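Please have the viewer open while you read, as my notes go residue by residue.

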Amino acid sequence: MVNTLTLDIERNRRNISGDISGCNMVFAGPPGTAKTTLAREFARILSERRLIPGIENFRECVKSDIVGQYVGQTARQVDNMFRELNHNGGGVIFFDEIYSLSEKDSTSYDKEAVTCIIKNMEDYRNGIFCIFAGYENKMKEFMESNPGLNSRITTTIRFKAYDNETLCRIFDNILQKNNFKVKGEYTDILTGFFDKLRVFRKESFGNGRETRNLFENAKRIMAGRVCKQKKYTKALLTTIYAEEIKKASDEILNSVIKDNVSERKAIGF
């Protein structure tokens, strides 16, 4: 897609006639599978090829950023977002979980936002590229909610949920990046944690985010142990015990179970 866009823009700069290919995309998949990261990478590559001025021209947008509270406010906010980015030389807008604009309980302001987004996508199609991200089934419904979306977004990239092997590699990468090592066997602890958490989280299982949360919780527990020591050594400051990872995973699971029980009681009441 970047290569095609490069070709079209270079032709355009040399006054060779022809349309610039649409470069708007849907990133569909579960949370925590690097959709935002890949969107930023897309903007970085466009910046490197000088198709946009710089990575700072990457914008993240959620519903609350554009839907107003009174008549006319929504259109102005959407128009201003596109106009400002175009004034700065173009860029990439990442719409995160924007499908809520087309759900059953959506308001007239929500529908207005979708209409305005489509209009601006057309007006600035040569310099502003939009990526819409969210759950696959909800993104499908969003795309079907307005014919203008399907005609302007031609590419869907599907992100798969991570398996345990991948999640364990991510955990190890986080350890390495932060200069930590683990004393004791912890792979079975990780896989057991991910398996149980999937059961409770269902489609909201956070994939890479769950891995990061587990690491941060284990680090917190480790810090409680380390800070009781009178003398700090490099080994002390860089070693997490497998038992601390287990305790961290149990705390998270117990919290999730408690939340599920509370939710069921509330619904029953």
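1. A word on the basis. This is a predicted model, in which local features need pLDDT of at least 70 and side-chain atom pairs count only at pLDDT 80 or more, while totals for chains, interfaces and linings use all residues. Residues are numbered from 1 along each chain as its sequence is written, and side-chain values use heavy atoms, with hydrogens and water left out.

2. The structure contains 8 aromatic pairs (rings of Phe, Tyr and Trp, the last by its six-membered ring, with centres within 6.5 Å; planes under 30 degrees apart are stacked, over 60 edge-to-face, the rest tilted). In one of them, the ring centres of phenylalanine 27 and phenylalanine 159 are 5.2 Å apart and the planes meet at 50°, so this pair is tilted. It connects distant parts of the chain: phenylalanine 27 belongs to strand E1 (residues 25-28), and phenylalanine 159, 132 residues apart from it, to the loop between strand E5 (155-158) and helix H8 (164-177). Helices (H or I, at least four residues) and strands (E, at least two) are DSSP runs, numbered from the N terminus.

3. Another pair joins phenylalanine 180 and phenylalanine 215: with centres 5.7 Å apart and planes at 70°, the pair is edge-to-face. Phenylalanine 180 lies in the loop between H8 and strand E6 (181-183), phenylalanine 215 in helix H10 (residues 208-226), 35 residues apart. Both phenylalanine 180 and phenylalanine 215 are buried. Elsewhere, Phe95, Phe132 and Phe142 are linked into a cluster by ring pairs.

4. Buried residues in H8 include Leu167, Cys168, Phe171 and Ile174. After H8 comes asparagine 179, with a positive phi near 60°.

5. Across the whole structure, a search finds 18 salt bridges (a side-chain nitrogen of Lys or Arg within 4 Å of a carboxyl oxygen of Asp or Glu). In helix H2 (residues 35-48), glutamate 48 and arginine 44 are 4 residues apart, about one turn of the helix, and they form a salt bridge whose closest N and O atoms are 2.2 Å apart. Glutamate 48 is exposed at 55%, while arginine 44 is partly exposed at 31%.

6. Do look at arginine 225. Its side chain meets that of glutamate 244 in a salt bridge (2.5 Å, N to O). This pair also links distant parts of the chain, with glutamate 244 in helix H12 (residues 242-268) and arginine 225 in helix H10, 19 residues apart. Glutamate 244 is buried at 8% relative accessibility, and arginine 225 is buried at 18%. The charged end of arginine 225 also sits over the ring of tyrosine 241, 4.1 Å from its centre (the criterion is NZ of Lys or CZ of Arg within 6 Å of the ring centre and within 35 degrees of the ring normal).

Terms used. Buried < 20%, exposed > 50% of the residue type's maximum accessible area, 1.4 Å probe, protein only.
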